Amino acid sequence: MLEVKNAVVRYGAITALHGISLEVNKGEIVTLLGANGAGKSTTLRMLSGLQAAQEGQILFEGVDIANTKPHNFTALGISHVPEGRRIFPQMTVEENLDMGAYSRKDSYVDDIEKMFIMFPILKDRRKQLGGNLSGGEQQMLAIARALMSRPRLLLLDEPSMGLAPMIIESIFQIIGDIRETGTTVFLVEQNASQALRLADRGYVMENGRIAFSDKASNLLNDPRVRAVYLGESA
Amino acid sequence: MHGFLSYLNAHFHALRLEFWGLFIGGIGSGIIYAMVAIGYTMVYGVLRLINFAHSEIFMTGAFAGYFTLNYLIGSSSPTGFSSILLIIVGILAGGITGSFFAVVLERVAYRPLRIRKAPKIAYLISAIGASYFLLNLAAKEFGRIGRGIAQPYQNHTVFTIFGAPVEMYNIIIFVAAGIMLIIVDRLVSKTKLGRSIRSVAQDSETASLMGVDIDRTIAMTFVIGGFLGGAAGFLYALNVGVLYSMGFTPALKAFTAAVLGGIGNLRGAVIGGLILGVTESFTVVFFSGAYTDVVAFAILVLVLMFRPTGILGELIGRSA
């Protein structure tokens, strides 16, 4: 479904991504792990056009999207839940959901109802401003907003960041549910153990490169992963 | 002490006599400031910059209305339905011309800087340059003397409020500006276009992730602000005529109004405009009329010193 081949991203003189390659197949949850500054967010930003790749290819369903403008991605079927949630603070919950459906030409009233079933708390808060929600509620809204465009590929950037363990639990539960409905998920996470338990496969980034990749269950038991990302001594 | 009290007493007596007349006049100029202020505040919302060339958008709209009406009216004296029609045509001429020049301004003076991620000071210099260009172009093409506009209606006192006359001109301004302000308010708060403008103001990068074309949205913001600015120029010209430099003072006051209401805040711009218009109208009671502009800019300085976020604060912008 998604294939990245030797993508290079430079910020001026600094190279953030040194030719990374990865693949996401239809129906999978694939996670991208790595320390702060390893290039995870840059990778995700590249996958939704926010960051141009100077070299390499990004193929989505066989089409090269490396030079596509960010505002055309939702129409392609790729939706991005950005790091830090980035809810529109002065818009109500409903208006934020409207924004998620911005590129749709058809009626999306049913989709809003679906989101309210999936995230009942958002229904209670529908008239409140996004900026007044709690962190967990904002994360749910950010995911719901991204789903409004009915993406085939959902990109999630650090959805557990800054949330209480119980909320993280339910967010991961929801990500699993989203996959069940047929949406492919590409998940960037610092919370490696949770992410690997949910994902089918994982990539591990170091210094702007893909260091290694494997099935998630293998990575969970991989001593390199356990040492660095799961906080265990090898 | 006694002298001072009788001074105040005399002036408050004058205020009582003049109150409604000054109030009506103040609302009339205030609503023009409000229309222009919306252009400043909306552009600030999406670009974080003060479009200092907006004064010339006002001027181009005034000239467009002037040429259109002088052509259509000639030496006739329109009344009734044709008056209304001519006013609408003048508003459209001013508004469309304002939109046109605002969009050209954005393309030529601002977009190239945005693509190059230029520092904010570059926008300011570019704005001043564009403003001088349009100002001097108008001076060269249209001359440096003021001209009266062909009147599309016969001005007369329509009714009185507590003895203060309300003239046809007041009613035209109030109705026309009121309708336009309501339409823009609805447009921004209820439509998809309005949501796209607000989303870019709040978080442009995330707006683009939602599918919002930022360049197009910024251009549309200039279209709306330019229309109001140009139409306001025409309404202003109905009263005082046209001159190449006519935009400077009202636009600076509209900028004051936008800051007073809270830059980036649409309704704040309207409230700021009305407060400023009424306040400066009442200054003639206490000082001479020559102090009107001084009072307006004293308000600007005081707001910037004591409450830089304005009365309503920044609403359509990012939260801190």
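Trainee: Why is B:Arg48 called partly exposed?

Mentor: B:Arg48 has 15 other C-beta atoms within 10 Å. A residue is buried if 20 or more other C-beta atoms lie within 10 Å of its own, exposed if 12 or fewer, and partly exposed in between, with C-beta atoms placed from the backbone. The value 15 falls in between, so B:Arg48 is partly exposed. Bear in mind that this is a predicted model, in which local features need pLDDT of at least 70 and side-chain atom pairs count only at pLDDT 80 or more, while totals for chains, interfaces and linings use all residues. Residues are numbered from 1 along each chain as its sequence is written, and chains are lettered from A and ligands numbered from 1 in the order in which they are written.

Trainee: Where does B:Arg48 lie?

Mentor: B:Arg48 belongs to the loop between α1 (2-47) and α2 (54-73) of chain B. Helices (H or I, at least four residues) and strands (E, at least two) are DSSP runs, numbered from the N terminus. B:Arg48 also has a positive phi of about 55°, although it is not a glycine.

Trainee: What about A:Arg150, buried or exposed or partly exposed?

Mentor: A:Arg150 has 16 other C-beta atoms within 10 Å, so it counts as partly exposed. Its phi is positive too, about 50°, and A:Arg150 is not a glycine. It sits in the loop between α6 (135-147) and β7 (153-157) of chain A.

Trainee: Why is helix α1 of chain A called mostly covered?

Mentor: Eight of the eight residues in α1 (residues 40-47) of chain A are buried. Among them are A:Lys40, A:Arg45 and A:Leu47. Just after α1(A), A:Gly49 takes a positive phi of about 80°.

Trainee: How do you know that the size of chain A agrees with a compact globule?

Mentor: The radius of gyration is taken over C-alpha atoms, and the globule rule is 2.2 Å times the number of residues to the power 0.38. With 234 residues the rule gives a value near 17 Å, and chain A has 17 Å, so the two agree. The C-alpha atoms of chain A fill a box of roughly 50 × 40 × 30 Å along the principal axes. Buried residues make up 46% of chain A, and its secondary structure comes to ten helices and ten strands.

Trainee: What makes β2 and β5 of chain A edge strands?

Mentor: Four strands of chain A form an open sheet in the order β2-β1-β4-β5, with antiparallel pairing. Both β2 (14-24) and β5 (63-64) of chain A pair on one side only. Two strands pair if DSSP finds at least two bridges between them. Strand β4 (residues 55-60) of chain A and β5(A) pair over two bridges, so they meet that cut-off. A:Phe60 stands opposite A:Val63 in β5(A).

Trainee: How many residues of each chain are in contact with the other?

Mentor: Contact requires C-beta atoms, placed from the backbone, to lie within 7 Å. By that rule, 20 residues of chain A are in contact with 16 residues of chain B. On the side of chain A that touches chain B, α3(A) gives the most, with four residues. The predictor gives the complex an ipTM of 0.93 and a pTM of 0.92.

Trainee: Which part of chain B has pLDDT under 50?

Mentor: pLDDT is the predictor's confidence in each residue, from 0 to 100. It stays under 50 over residues 316-320 of chain B. Where pLDDT is low, the predicted coordinates should not be read in detail. For chain B as a whole, the mean pLDDT is 91, and 97% of its residues reach 70 or more.

Key: Two residues are in contact if their C-beta atoms, placed from the backbone, lie within 7 Å.
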